Amino acid sequence: QIITILDGGLGHELKLRGISDGTFLAGVLANEENCGTGDNKDTVESIHMDYLAAGCDVITTNSFVAVPQRMIECGLVTNEANSNSRASELIRASVDRARAAIIKYEKEVGKNKKKKLIAGCVPPLTECYFSRKVPTSVNDLMPEYTTIVSTLLDCKVDILLAETLSTTREALAILRSVSGIQKMGTHHIPPLWISFTIHDDRPTKLRSDEPLDTACQNIIQEASSLDLPLEAIGVNCATPNAISSAVPILTKMVEGTNIKVCAYGNCFRTTTSEWIHSLDEDSKGGEGSFATDVMKQTTYCAEDFDKEGYLLPDAYAKFASEFVQKGATIIGGCCGSRPKHMYKVASALKHDQES
């Protein structure tokens with residue numbers, strides 16, 4: 001089977017390289033801004049290039065927070081019309097950075113037989129993980145998603161990657177937005193990858209508490225009814241243990257189809273659920289869980305982490321091999337993963353395929 005290697009995290013990597021304002025907004029602005037300490041655009045491109053050098057086949061646009069509503073919340077603009085325009089500018093700049101990185105990389109090492117691809121990020125419209133903040137109406141989500149998707153299609157990305165979705169309605173809104181654009185006949189629609197974020201301690205459920213299998217079934221049916229090229233469904237932004245537990249559910253859901261399974265986990269010792277609970281004292285388990293509950297689901301040992309609390313690259317590579325053994329064929333890294341993690345993943349999976 002052919003394994004596709006997706007890249008790892010961007011936001012935290014940008015922070016480690018000195019680009020941060022505490023909100024990740026600085027990271028997306030780095031796609032187009034220069035500053036007194038150097039060229040931020042070069043930093044974004046260098047991260048993309050490091051992932052390509054690590055063996056990644058697909059790099060993701062640095063546009064996770066380039067969302068119209070966030071443009072207003074962060075004070076970049078003051079009205080809806082300007083927010084759509086500003087978000088589109090940042091998305092276009094993010095595609096430019098990814099494309100420039102591929103061109104530079106190919107000049108340095110030569111073109112490989114396997115073309116390097118750009119996945120256009122289609123993110124949550126509201127703060128990640130908190131499903132109750134997601135508008136309850138699919139129709140209310142569609143205008144912003146139409147802006148994001150149409151901009152990415154204008155830029156001719158190779159893949160539309162909807163990631164870190166905590167609800168089914170976000171995925172439905174994305175599919176219907178893409179369908180609306182498709183009906184206009186103005187854009188080629190590339191393959192769609194849709195990935196949900198799941199509970200760290202209850203990997204059979206989205207962070208909205210919707211069953212993962214039901215969510216995937218709904219998405220597969222919706223994409224089919226709309227005649228959309230759904231190429232992959234996946235799980236991301238949870239512990240590697242949770243991702244590993246969820247992959248067989250997805251594998252079962254795609255049986256008899258040409259849909260692939262995508263998997264990419266976090267590399268922090270502190271889980272997302274623990275972090276959510278620390279922010280959300282009113283949580284009763286629906287949006288986050290106590291650390292003791294989460295840790296019951298883990299099989300980590302102290303040696304798996306460095307002194308700063310990052311999962312070691314070799315440890316993550318073992319999980320990646322596990323994802324593949326359970327049926328995933330698109331493997332990446334999420335929060336806390338770095339180019340060194342993806343190098344180990346690519347090396348391990350290449351070794352597994354050859355042995």
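Helices (H or I, at least four residues) and strands (E, at least two) are DSSP runs, numbered from the N terminus. With this naming in hand, the description can begin. The model is predicted. Its mean pLDDT is 90, and 91% of the residues reach 70 or more. One stretch stands apart from this: over residues 282-297 the pLDDT stays under 50, and the model has 35 contacts beyond four places in sequence for these residues.

Rolling a probe the size of a water molecule over the atoms shows where empty space is left. The largest pocket holds about 1,200 Å³ of space. It is lined by 44 residues, of which Gly11, Phe24, Phe64, Tyr129 and Cys335 are the closest to its centre. Several elements each supply at least two residues of this lining, namely α1 (11-16), α2 (25-29), α4 (68-73), β6 (159-165) and α10 (272-279). The largest share comes from α1, with 4 residues. By class, the lining of the largest pocket divides into 17 nonpolar, 21 polar and 6 charged residues.

The second largest pocket contains about 300 Å³ of space. Among the 14 residues that line it, Ile5, Gly55, Asp57, Ala346 and Lys350 are the closest to its centre. Two helices, α3 (40-54) and α13 (339-354), each supply at least two residues of this lining. The largest share, 6 residues, is given by α13. The lining of the second largest pocket has 8 nonpolar, 3 polar and 3 charged residues.

The structure holds 1 cavity of 30 Å³ or more. The volume of the largest cavity is about 40 Å³, and its lining consists of Val122, Leu160, Ala162, Ile174, Leu175, Leu192, Trp193 and Ile194. The elements that give two or more residues to this lining are β6, α7 and β7 (192-197). Strand β7 provides the largest share, 3 residues. In the lining of the largest cavity there are 8 nonpolar residues, no polar residues and no charged residues.

Two individual residues may now be examined. His12 lies in helix α1, the helix that gives the largest share of the lining of the largest pocket. Is His12 buried or exposed? His12 counts as buried because its relative accessibility is 19%, and the cut-off for a buried residue is under 20%. The side chain of His12 makes a polar contact of 2.5 Å with the side chain of Tyr310. Not counting residues up to four places away in sequence, His12 touches Phe24, Phe268, Tyr310 and Gly336. Of these, Phe24 is also one of the residues closest to the centre of the largest pocket.

The other residue, Glu170, is placed in helix α7 (residues 168-184), a helix that gives two or more residues to the lining of the largest cavity. Glu170 counts as buried because its relative accessibility is 1%. Leaving aside neighbours within four places in sequence, Glu170 is in contact with Pro124, Leu125, Val134, Leu141, Tyr145 and Leu165. Glu170 and Ser131 are 39 residues apart along the chain, and their C-alpha atoms are separated by 9.8 Å.

Key. Residues are numbered from 1 along each chain as its sequence is written. This is a predicted model: local features need pLDDT of at least 70, side-chain atom pairs count only at pLDDT 80 or more; totals for chains, interfaces and linings use all residues. Side-chain values use heavy atoms; hydrogens and water are left out. On a 1 Å grid over the protein atoms alone, a cavity is a set of points where a 1.4 Å probe fits but cannot get out, and a pocket is an open set with protein on both sides within 12 Å along at least five of seven lines; lining residues have an atom within 4 Å of a point. Grid points are joined across faces, edges and corners, and a volume is the space filled by probe spheres set on the points. Ala, Val, Leu, Ile, Met, Phe, Trp, Tyr, Cys and Pro count as nonpolar, Asp, Glu, Lys and Arg as charged, and the others, Gly among them, as polar. pLDDT is the predictor's confidence in each residue, from 0 to 100. Contact means heavy atoms within 4.5 Å. Buried means under 20% relative accessible area, exposed over 50%, partly exposed in between (1.4 Å probe, protein chains only). A polar contact is a pair of N or O atoms within 3.5 Å; within protein, one must be able to donate a hydrogen and the other to accept it, and residues adjacent in sequence count only if both atoms are side-chain atoms.
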